[in-house]
Every structure is written in structure tokens, then in C-alpha cells.
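The sequence and the model are shown first, and the description follows.

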Amino acid sequence: MTNSIDEFEDASVFMVIGSNTTSNHPLISSRIINAVRQRGAKLILCDPRCIDLAPLSSIHIRHKIGSDVALINGFMNIILNKNLEDKTFIEERTENFEKMAEVVEKYTPDYVSGITGVEPELLVKAAELYASTKRSMIVYAMGITQHIAGTDNVKSCANLAMLTGNIGTPSSGVNPLRGQNNVQGACDMGGLPNVYSGYQPAADLFVRNKFEKLWGVDKLPEKKGLTVIEMGHEIEKGNIKALYIMGENPFISDPDAKHMHRALKKLELLIVQDIFPTPTSEFAHVILPAACFAERDGTYTNTERRVQLSHQALPPLKGTLPDWKIICEISKRAGFPMDYNDPSEIMDEINITTPSYAGITYERLEQGWGIPWPCPSKEHPGTKFLHKDKFTRGRGLFHVIEYIPPAELPDAEYPFTLTTGRIRPHFHTGTMTRRTAILDREAPSPFLDINPEDAKSLRVRTGDKIIVESRRGSLKLSVNVTSDVPKGVVFSTFHFKEKNINELTLCAVDPVAGIPEYKNCAVSIRRS
Amino acid sequence: MAEKLVVCPYCGCGCSFYLVTKNGRATGIIPSNNHPVSRGALCVKGWNSSEIINHPDRLDTPMVRDHGIIRPALWEEALDMAANGLLSIKNKYGGDAIGFFASAKVSNEENYIFAKMARAAFNTNNVDHCARL
């Protein structure tokens, strides 16, 4: 997030796009709910589905899945035509405005209405409302990123925020809600193929030389690394022979599960380190039982970049080891000893190697409620919101972005659009929540949401079994008839290993970020 | 009885709570009134997050595959098999024949040394995690 969770308290307008906040970020959604109910803040909800935030919204835009770029370009067209842009901000803080404005010119309300299916008047109302204040916060999640245009969608949000001067100030900004307790930290720590910790580029010789010295190695790899999805393809091709998985369950979470099944079976060596057996660990050659979150000290970085210390409350379960000890043991055996007595010593090293974490020490974290990075020194208080007087790159760059349709549009053979996500009681592949009695009782079995009109033409009722089929696989699921999904769209979740919805999803990815298009694939439905 | 401040294992909000333990088991959860994100509240997943700690399904023995059959092993044997297996693949095909999946569920420190091991010990940038999933 460019801004912090506390700043929700003073926002005047929220534009929530592609985030089912009440299900997936409940404590953040409570800030939005309170702001709307108690202070009269306005909510623009952009979501094809009628999610729980919908009744609170001033404007609910149910645009077609995958039409986000057209929608936001449409907002910017309206803002420019009504002279609602922030001319001073554009002049002083940004560049490339003219080129962006040129492209946006054709995204008139009528043109955008044709792509998104949203009434032109509603587009105008939403654009006017967003631009009406300097306290407009854009809040997004996987609903806009899990598309082949995911990067374009995020850049479009940044364009919109810069156009109206809604960034670099309190209670504004572009705020991604991250879905796992340490997904921000895993990225920050260089758990990505292209960067070392603190987003220091792996392709940069200077960076590699720095880490070669700090880590005492002769030569760090030059070749570009692969993403999770790319690694899956390379395993199938026979180029990757071994996989070491720490605390992940790709057989359920990755798209096109049949492909993943072939890939995992093909591996010469699969090491799985986890706290529970998973469908992925069934393929493993070595299973390493790890201590869980409450059984070790360690820091986690939340969606607002706040680094917090989590304390060991219990000794590791008998027979398990904390992940950091297992990693050190493997590395030592591989001829690269890493000697740390406890996690705080690893943080000492992170302070030295990672400029944005330089001032974040266990000593400081013990005293307060965490520190948001960047925190370049031990005296620095941390950074509440980003891009205050200038952007990281200097001037904010307007990106020129055109709408592209999703990879797999519905057709005569596969006439429905399947979109996937999480539901409130469950989390990701369900390895933890489905082992929690209260949560599993709330949602014990998989289902497929379908619009009443579609249900009528298929002659199915809630509870009936249907076969849902894509070009990659088919599943038998129970139907849940609900107008929460628009006509032509069906929704399901990836929480249930016994009915893995990712057998249907496709591997098409965003060319920049490598994120799969989970939010859109074409399916057919027939009565079982 | 002891209480320790723990970061919730679920979403990215970053709520924390006091985990109550007694005789080596988690017995309850107390929200923190002063925590800047959770402010005395928790969602249904956070409230129930202690149940997984003592769950009977927890993996508690290293396992290795022996002639196609997975069987319990001692830590030494499992660690040797993992490390030697990785090393022999590195020596035969190069480090880029290995993939490393870091985790959005473990700590910063653990992710840092996991990525460090991939790059420094096995000489590959093939390290990623479920950030996109």
C-alpha cells in the first residue's frame, strides 16, 4: 500500500476495485464500513459480483470481467473532459501526461459502455465522485491483478490517482491489499526471481558484486530466474529436475492442475517442507516437518509495509524444526554454511544488506507495534505513506495503456465465464481453515455460484449437481443459485482439494508480472 | 499460563493477538486492544487460528521416499537426502535445473535465507513464491 491502514479513517472516497474486502481482509473492511456508516464517506465499488460491500456503496459498477483498463481509461476521459484533473500535480510531479491523455481521448463514456456493459451515466457519476476530493483512496486486490492485463490494471489505477493528485498525501493513494500474512515480506526479502532483498535487481552487476562480498561467494547467478508458473512449464519440458517447496501447495493453488500434476510427477526430486500433509506433499521424495507460526520468533510484513515481530509462544512441536533451522541444515550440507543462532541474527544481516530495512531491528520492534518500511536508519521512524514530495523514480510516469480482452472469451462451446476467489471462512488452499472446526462448519463443501436466469435456462436449483467443464478439465459441483453473480458468470473457490477448481483454470499469464488469469476462463455447464 | 504477542497467520492485514498457552499447548487467543490494525478485534479466521497448532494432522516426522514408497526417517537421513539430491542435480545439470518456492507464510528471516541459499549455495535465480496466486 502507498498509504497506511489508519489513513482509512480520514478518507472521503474509497474506490474498491477487485477486492472482496469483507471476506479477504476483514479488519480492513471494518475501517471502510465504519467510514461509510459513521462519517458518511462514499464508496465506489467496481466489482462484477454483488459482494458484501455492495449495499454500502454509493455507486456499484458491475463491469464485465477483464474490462478494468477500459473502465479506468473511461474515468480519466470524463475527468479530463470536465476539467477535474489536478493541473498543478500533473505539471509539478509527473511526466508523459500528454501521451496518456491522447490515448484516453477515445475512451468516451459511450465507447467504454460498449466494452464494460456499464451505463454511461454511472461512469460519469463515479468519475466525478472519485475526482471530487483529495482524500480518495483506491483499494484493490487480486480481482484486478489476476488477469493477463494485471500490470496494466495496476498502472491504470496509478494513472487515475496521479491525474487527480490523489497520491503522496494522507488518506489517498493506490492501496493493494495483500492476501497472505507475509506475502509482502517474501517479496521484500528477495523471494522473487528478479530481485534480491529490498528489490535490488538481480540483473544489476553492482548488486551482485555487493552480495558476493557480503555473502562471501565467488559468483552469484547471472541468468534470469523463473516464476512459479514458468518453473511448472520447465519441469514438464524436463529442464528443471528438482523442486524445493517451503510452505506452499502449488498442486491446488496453481492454474491448470492437470499440467501441475504432470510436472510434479516428472520431478527427480521434490522436497516439501510444511506443517500439514498437502496434495502437493503426496508427490514428495522428502518431507520436512516444520514448526508453525506460533513456534518461532520472526518478523512479518503486512500489506501497509509494517514489519512486526511475532514471538515464539510454544516450543516447536516434537519432531519438527523451525524453517530457518532446516534451511541452514540443508545449506550447510550443500557446502554453503549459514550460521545463525537465532532469527534476530538474520535480521542483523538484513539490516546491512537491505537499505529499506536498515533501521528495523528486533530491539526497536520489541518496543512498539512495528515499523513500516522504508526505514533507512536506526533513528528513522519508518514511512507511513509513500511518494510524499517525489516518486521513487523522480517524476510520476503516466503509462499509456490500451484495453485488451481476456485470453479466453466465452464462445458457443464454452459460453460461461468462470471466475475464482476466496470465501470468508476459508483461506487459500484450505490446509489450515479446513482443519478448523468452526470454519469448516461454515463452508464444508465446494459449490458453483450461478445467476438465477442461467439456472432457469439450465433447469437447475440450488443443491443440484452440474458438470462444469473447460478446455482443460471438468468437475462435478453443487449449484448455488444467486444474483450475486451476473448472468453469464459463474464463481467458485480454490479452497477444496476434493474438487480442485484449478483443474479448469488456464495458464495464460500477464507478460510482465507472470500472474495467471484466474479471474477469467471460459466454461460450459450441463446438468449432471 | 503465558501470553505471547503473535502475528496472525492468515491474510495481509497484519493483525496481532496474544496467544495463551498452558503446559505446552495453545489454549486461547486474546486480541490486543492497543494494536494499530486489530484494535481489540479479530476476524473469524484469526479468532480460531490456534486450533491448527495442536492439530493431530501436524507433520511431526521427516519422511523419505524409498523405492517409490514414502516412509518415516530420522532428521539426519532426510536432510542428507534432500541436500545430496539437490547437490547431485546441481553438479549434473547446473543450478538452474532446481526450482525454489519460498513462502508467503514464513517469516522475513526465513525467506531471506531461503533465497540466499538458492542463489549462493545452488547458483540459481529460480526462486519465487505464491505472490501471484
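## Domains and basis of the model

Chain A is divided into domain 1 (5-177), domain 2 (183-372) and domain 3 (416-527), the bounds coming from an automatic or database domain assignment. The centres of domain 1 of chain A and domain 2 of chain A, taken over C-alpha atoms, are separated by 34 Å. For chain B, the assignment gives domain 1 (2-52) and domain 2 (94-133), and the C-alpha centres of these two domains lie 28 Å apart.

This is a predicted model, in which local features need pLDDT of at least 70 and side-chain atom pairs count only at pLDDT 80 or more, while totals for chains, interfaces and linings use all residues. Residues are numbered from 1 along each chain as its sequence is written, and chains are lettered from A and ligands numbered from 1 in the order in which they are written.

## Two crossing helices in chain A

Helices (H or I, at least four residues) and strands (E, at least two) are DSSP runs, numbered from the N terminus. Helix α3 (residues 68-81) of chain A packs against helix α7 (residues 120-130) of chain A at an angle of about 70 degrees, with the axes 9 Å apart. Axes are lines fitted to C-alpha atoms, for helices over the stretch in contact, and angles run from 0 to 180 degrees between N-to-C directions. The angle makes α3(A) roughly perpendicular to α7(A); angles under 35 degrees count as roughly parallel, over 145 as roughly antiparallel, 65 to 115 as roughly perpendicular and the rest as oblique.

From α3(A), the residues A:G74, A:F75, A:I78 and A:I79 meet A:L123, A:V124, A:A126, A:A127 and A:Y130 in α7(A), a contact meaning that C-beta atoms, placed from the backbone, lie within 7 Å. By class, this contact of α3(A) with α7(A) has eight nonpolar, one polar and no charged residues. Ala, Val, Leu, Ile, Met, Phe, Trp, Tyr, Cys and Pro count as nonpolar, Asp, Glu, Lys and Arg as charged, and the others, Gly among them, as polar.

Strand β13 (residues 306-310) of chain A is mostly covered, with five of its five residues buried. A residue is buried if 20 or more other C-beta atoms lie within 10 Å of its own, exposed if 12 or fewer, and partly exposed in between. A:R306, A:Q308 and A:S310 are buried on one side of β13(A), and A:V307 and A:L309 are buried on the other.

Two strands pair if DSSP finds at least two bridges between them. Strand β12 (residues 298-301) of chain A is joined to β13(A) by four bridges and runs antiparallel to it, with A:Y300 and A:Q308 as bridge partners. These two strands form a hairpin with four residues between them, and A:R305 in the turn has a positive phi of about 70 degrees. β13(A) also pairs with strand β14 (residues 371-372) of chain A, in the antiparallel sense over two bridges; here A:R306 has A:P372 as its bridge partner.

## Barrel and sheet

In chain A, a closed barrel of six strands runs β16-β20-β17-β19-β18-β21, with mixed pairing. Its twist averages 45 degrees from one strand to the next. Within chain B, three strands form an open sheet in the order β1-β2-β3, with antiparallel pairing. β1 and β3 (25-31) of chain B stand at the edges, each with a single partner strand, so one side of each has no neighbour in the sheet.

## Where the chains meet

The contact takes 88 residues from chain B and 114 residues from chain A. On the side of chain B that touches chain A, α3(B) gives the most, with 13 residues. The residues on that side divide into 50 nonpolar, 22 polar and 16 charged. Strand β11 (residues 286-289) of chain A pairs with β4(B) in the antiparallel sense over two bridges, and A:V286 has B:V64 as its bridge partner.

## Backbone exceptions

Most residues other than glycine have a negative phi, and most peptide bonds are trans. The peptide bond from A:W373 to A:P374 is cis, with omega near 0 degrees. A:N83, in the loop between α3 and α4 (87-93) of chain A, has a positive phi near 55 degrees. With 8 C-beta neighbours inside 10 Å, A:N83 counts as exposed.

Notes. Contact = placed C-beta atoms within 7 Å.
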